[in-house]
Amino acid sequence: MKRFMAMLNRNKSKDPPPAKLLDLAAQLCRDLQSCSPSLEKLVGAIMECRHRMYFLTNIHVVRAFVSVHLRWGQHDTACRLLENCEAEEKEELVQLWHEIHYRKVMEKLQVDCLTPLQKFRCRKRNPPPLSLCPEGLQTRSYSDEVRRQLRNFAAEVTANPDKKQREELAKEMNLQPTQVYNWFANYRRRHKS
């Protein structure tokens, strides 16, 4: 840590900071993850650095920043940090985005963990920004053609197919039988009300 602080002071004016300094910051963030006071000191030093955006290209540094901001109860600051960071590990950034919002809901509800349904609702209410998913959010929706075939089958044959019919439909549409089963269960539920 002392070595890092000395290096950081020596290279305050260098733009961009040397790669050795960035690598050392990443290694320290990884090593100090479980040592809260030292990690907070490290993150504080990087936050005060005028070139902190260079440090935020590394996922370990980003994770440390988010962790510290969550400890301080600064959920919105952690979200803004994720929106603007340049780390390449987009899937991990999206996961961190969800973790921030889970923590926010847990604090609001005063619980230690969320149910899968609560997590699902939290993700739906707080989708990650486009900066984290430039290709857009992945959905599990079926193609228009598959939905049309399933709707036609429900209207013309039955809305409650037996196991053999579901397996045949799954084979025709390149789906799993459980996907077909769930689609028809949801279809019946929607049309019941």
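**Reading burial, aromatic pairs and cores**

Guide: Trp-183 counts as buried because its relative accessibility is 9%, below the 20% limit for that class. The model under discussion is a predicted one.

Visitor: How is a pair of aromatic rings described?

Guide: Two quantities describe a pair of aromatic rings: the distance of the centres and the angle of the planes. In this structure, a search of the whole model finds four aromatic pairs. One of them joins Trp-183 and Phe-184, with 5.0 Å centre to centre and 85 degrees between the planes, an edge-to-face arrangement. Trp-183 and Tyr-187 form a stacked pair, with 5.2 Å centre to centre and 20 degrees between the planes. Phe-184, like Trp-183, is buried.

Visitor: Which residues form one aromatic cluster?

Guide: Phe-153, Trp-183, Phe-184 and Tyr-187 form one aromatic cluster.

Visitor: Which residues touch the most other members of the largest nonpolar core?

Guide: A nonpolar core joins buried residues through side-chain atoms within 4.5 Å. The largest one here has 40 residues, and those touching the most other members are Phe-4, Phe-55, Val-61, Val-62, Val-66, Leu-82 and Leu-93. Two or more residues come from each of α1 (2–10), α2 (19–31), α3 (36–48), α5 (59–71), α6 (75–84) and α7. The most is given by α5, with eight residues.

Visitor: Which residues does Val-61 touch, not counting those up to four places away in sequence?

Guide: With that exclusion, Val-61 touches Ala-25, Ala-26, Cys-29, Ile-46, Phe-55 and Leu-56. There is also a second, separate core of 12 residues, with Leu-150, Ala-154, Leu-175 and Tyr-187 among them.

Visitor: Is His-101 buried or exposed?

Guide: His-101 counts as buried because its relative accessibility is 7%. This residue lies in helix α7 (residues 90–109).

Visitor: Which backbone oxygen does the side chain of His-101 reach?

Guide: A polar contact is read from a pair of N or O atoms within 3.5 Å. The His-101 side chain reaches the backbone oxygen of Trp-97 at 2.9 Å. Apart from neighbours within four places in sequence, His-101 is in contact with Cys-79, Cys-122 and Asn-126.

Technical notes
Residues numbered from 1 in each chain as written. Predicted model: local features only at pLDDT ≥ 70, side-chain atom pairs only at ≥ 80, totals over all residues. Heavy atoms only, no water. Helix = DSSP H or I, 4+ residues; strand = E, 2+ residues; numbered from the N terminus. Buried < 20%, exposed > 50% of the residue type's maximum accessible area, 1.4 Å probe, protein only. Polar contact = N/O pair within 3.5 Å; in protein donor to acceptor, adjacent residues only side chain to side chain. Contact = heavy atoms within 4.5 Å. Phe/Tyr/Trp six-rings, centres within 6.5 Å; stacked < 30°, edge-to-face > 60°.
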